[in-house]
Number of protein chains: 2
Amino acid sequence: MALTGSGRASRPTMEDVARLAGVSHQTVSRVLNEHPNVRPQTRENVLASIRALGYRPNAAARSLVTKRTNVLGVISFDTTFYGPASMLYGIEQAACPDYFVSVASPQAVDRRSVLDTVDRFLGQAVEGIIVIAPQVPAVAVLSEVPADVPLVAVGCGTRTPLASVAIDNAAGALAATRYLLDLGHETVHHVAGPASWLDAQERLDGWSQALRAAGAPQLEPLHGDWSARSGYELGSQLSQLPGVTAVFCANDQMALGLLRALSERGIRVPEDVSLVGFDDIPESAFFLPPLTTVRQDFGELGRRALRLLVDRITSHQEPRPGIPVAPELIVRASATRRGR
Amino acid sequence: MALTGSGRASRPTMEDVARLAGVSHQTVSRVLNEHPNVRPQTRENVLASIRALGYRPNAAARSLVTKRTNVLGVISFDTTFYGPASMLYGIEQAACPDYFVSVASPQAVDRRSVLDTVDRFLGQAVEGIIVIAPQVPAVAVLSEVPADVPLVAVGCGTRTPLASVAIDNAAGALAATRYLLDLGHETVHHVAGPASWLDAQERLDGWSQALRAAGAPQLEPLHGDWSARSGYELGSQLSQLPGVTAVFCANDQMALGLLRALSERGIRVPEDVSLVGFDDIPESAFFLPPLTTVRQDFGELGRRALRLLVDRITSHQEPRPGIPVAPELIVRASATRRGR
DNA sequence: CTGAGGGATGTGAGCGATAACAGCTGGGCC
DNA sequence: GGCCCAGCTGTTATCGCTCACATCCCTCAG
């Protein structure tokens, strides 16, 4: 492979290649675009000249005339979390080599920041945008984006009018809660995520639905902010309450915090309290005890989002209703039969 | 704010704006580029026409003539890990709004994949590239990239000839190890990262250096793969060894695995074994017990890398030797005085 | 009153590709 | 032998912008 410079110093142009190969620039263009009607010998000559000069087509010139950039934009709000990071990774994997992926993380989730970011992307002429937007306000704003901008939301719940890809949060939460109820627990407490997050809302709904279906006592959920710290704080509160035997946490990090809060007070998991998390981050199999949790495949979510977006771009399709990805309950040691 | 479509259907051009404003296209260009010599009244007219038509400059046409794209490329290998994800986030934060950030994750770290990715980026005419490349082979390959491509490596150790930004792994490891020795431990075992990773090598060196300096018995390190699982497996091995009282883990995930392995065998941390990790991931304060670890500020690393790259792009500077970022020892409960 | 000078604006060329069309070849068929 | 058509190649226009230069007009000094 011959890499050549970024070319501050006059990169060779198609014309240069043509001259060296003794053909016209158009023939070079044909070779590059794999046009059928080029004599094999000519094609070879051209390819040789391209290699000799280290020629690389100018993307700007090409997209000026084709009106295509092969760039997609991804808007995310905090890619340091495992979920968004994994989705981004999945998107990127699926995009390569057809598309480039440009990322942007607005500082805030307010209307202005989101629209500015979309605007920035449109200025760069991205062909489509994926928004990793689990927060309610972020999703709401997206309806203001003109309909002719191919747009897909991912991980934003299943109740949005947008083209979207999501996991079935409610089903996962329901399964987790029912699992605990089936183990003989009278009811299940819930440490929820922030109320402004769709995932949090849907998981809360699933939990509440499971309690209702089983005729179990309804409880007030506690709201954390997804962090282990908030799980720790809420765990301290929970541990004061009488009769807590089972807790469903809306994510694994909060479950970790809870684990520590309970442990500090001498409450054993799972002997005294059973605990189930959500996400199945890679670490949760190594918590003390290993965490029973609901696995969601973030990477797959990202890949699906990308496919959906590409479909919309290439076929100008209307958004098909996204089929929610079913999450899977991973049983480990952190939950057991009541009163074991 | 008026968002207008991506414009499959003929977007307005500079000429259209000019006609509406009753000026020439060049005057519109002047307004857009904030050229000083435009009459305020004219500028207002032009801006009004721009808004009225929802005009947005065509990035391809502009960069065709300016030879600038405002796009930077970031190559990373697995952005699902906390470290790379945080660096990417830092880079993106610092890049906005001057540059767009395009990401690519080669499937493998071999020579071919890396150079292909660089090539793809150059094809897109990125103005510079940041490589999040902690592995030895990835860094080695980068020397093959032509020198006129602005390139910065981040988190790739401090001993590379490339323009780079890195934390002082050795100093961090040394501090961690010395801390354990100062607590009265005779020697310190080490669970290292994969030998092919520069960070792993440097942390190992720091550890070994600390042992030497203290006249403590030298030991063979155990090599994991950064995952909690490998920490667990190596922890099982370690727990069979006699006389282990202190362990320094090359990252927090492996420390978590170790924690579980020891706990399963009834070995208490810190009473029986003291443990120190590396990275300070957000969860480590909530491990059981909370993990003493070496904090590195990944976000800051990313921001510095970006600044370095932009310096190189704008001033054509030769790479200055990157000043390593000093890591900080965060003392928590997982390590105590020997024989407490 | 005149001409130099500078601010405001317009004109034309060209960036490097693709697309549409035109032209040149050679083989098959009548 | 002539004609047609298909395969290959070249010519020209065009995408939407910036840059260099030309032009206009107004002010102010001599």
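Tutor: Two residues are in contact if their C-beta atoms, placed from the backbone, lie within 7 Å. Please keep in mind that this is a predicted model.

Student: How many residues of chain A are in contact with chain B, and which helix of chain A gives the most to that side?

Tutor: On the side of chain B, 55 residues take part, and they meet 56 residues of chain A. Several elements of chain A each supply at least two residues, among them helix 4, strand 2 (100-104) and helix 10 (228-240). With seven residues, the element that gives the most is helix 5 of chain A.

Student: What relates the two copies to each other?

Tutor: A rotation of 180° with 0.0 Å of shift along its axis superposes chain A on chain B, with an RMSD of 0.1 Å. The two copies are thus related as by a two-fold rotation axis.

Student: In which direction does strand 2 of chain A run against strand 2 of chain B?

Tutor: Strand 2 of chain A is joined to strand 2 of chain B, residues 100-104, by three bridges. Within this pairing, Val103(A) stands opposite Val101(B). The direction of the two strands is antiparallel.

Student: Which helix gives the most to the surface near DNA strand C?

Tutor: DNA strand C is surrounded by 24 residues, and the closest include Met14(A), Ser29(A) and Asn37(B). Helix 2 (25-32) and helix 4 (59-66) of chain A, together with helix 2 (25-32) and helix 4 (59-66) of chain B, each give two or more residues to this surface. The most, five residues, come from helix 4 of chain A.

Conventions: Residues are numbered from 1 along each chain as its sequence is written. Chains are lettered from A and ligands numbered from 1 in the order in which they are written. This is a predicted model: local features need pLDDT of at least 70, side-chain atom pairs count only at pLDDT 80 or more; totals for chains, interfaces and linings use all residues. A residue is near a molecule or strand if its C-beta atom, placed from the backbone, lies within 6 Å of it. Helices (H or I, at least four residues) and strands (E, at least two) are DSSP runs, numbered from the N terminus. Copies are superposed by least squares on the C-alpha atoms of residues with pLDDT of at least 70 in both. Two strands pair if DSSP finds at least two bridges between them.
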